[in-house]
Amino acid sequence: MFKFKTMNDKRAADGNLLSDKERLTRVGKFIRAASLDELPQLFNVLKGDMSLVGPRPLLVRYLPLYNATQARRHLVKPGITGWAQVNGRNALSWDEKFALDVWYVEHQNFLVDMKIIWLTIIRIIKREGINASNDTTMHPFTGS
């Protein structure tokens with residue numbers, strides 16, 4: 001079976017991996033730009049573990065770092081797309097993302113979900129907010 005490599009294993013002189021931006025291959029850049037890297041999560045939606053719309057799941061190692069307000073994002077199922085994604089995606093700060101996630105938890109309804117799905121389609125077509133300001137992915141969350 002033929003496999004596409006989306007990231008390489010390039011390392012700095014000290015042996016640490018280079019940043020995601022420096023390791024992303026052409027194929028990886030295309031997959032991220034087209035948001036194709038999100039498609040496998042549809043299986044999680046079909047299984048019932050995720051929703052189409054909701055706060056994006058974050059790394060488990062971040063759990064002890066959330067304050068009480070930030071932890072409210074877990075009151076709804078995580079989603080493939082969400083309010084933070086259509087309002088800046090990776091171009092947002094962590095504080096902005098959490099504020100938008102909590103807003104969604106407090107205002108979740110069918111019409112908001114439909115608006116998010118519509119805006120997601122537009123953002124994918126326009127390729128907006130895919131990368132963080134100066135990097136390919138978000139910087140790790142370290143608490144606030």
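In this predicted model, the side chain of Thr120 puts a polar atom 2.7 Å from the backbone oxygen of Ile116, a polar contact in the sense of an N or O pair within 3.5 Å, with one atom able to donate a hydrogen and the other to accept it. Thr120 sits in helix 7, residues 110-126; helices here are DSSP runs of H or I with at least four residues, strands are E runs of at least two, and both are numbered from the N terminus. With a relative accessible area of 15%, Thr120 is buried (under 20%; exposed is over 50%, partly exposed in between, 1.4 Å probe). Leaving aside residues up to four places away in sequence, Thr120 touches Thr81 and Val86, contact being heavy atoms within 4.5 Å.

Helix 7 also packs on helix 6 (residues 94-107), at an angle of about 140° and with the axes 9 Å apart. Helix 6 brings Trp103, Tyr104 and His107 to the contact, and helix 7 brings Val112, Asp113 and Ile116.

Zooming out, the chain has 7 helices and 2 strands, running α-α-α-β-α-β-α-α-α along the sequence. Buried residues account for 35% of its 144 residues.

As for bookkeeping, residues are numbered from 1 along each chain as its sequence is written, and side-chain values use heavy atoms, without hydrogens or water. Local features need pLDDT of at least 70 and side-chain atom pairs 80 or more, while totals for chains, interfaces and linings use all residues.

Technical notes:
Axes fitted to C-alpha atoms, helices over the stretch in contact; angles between N-to-C directions.
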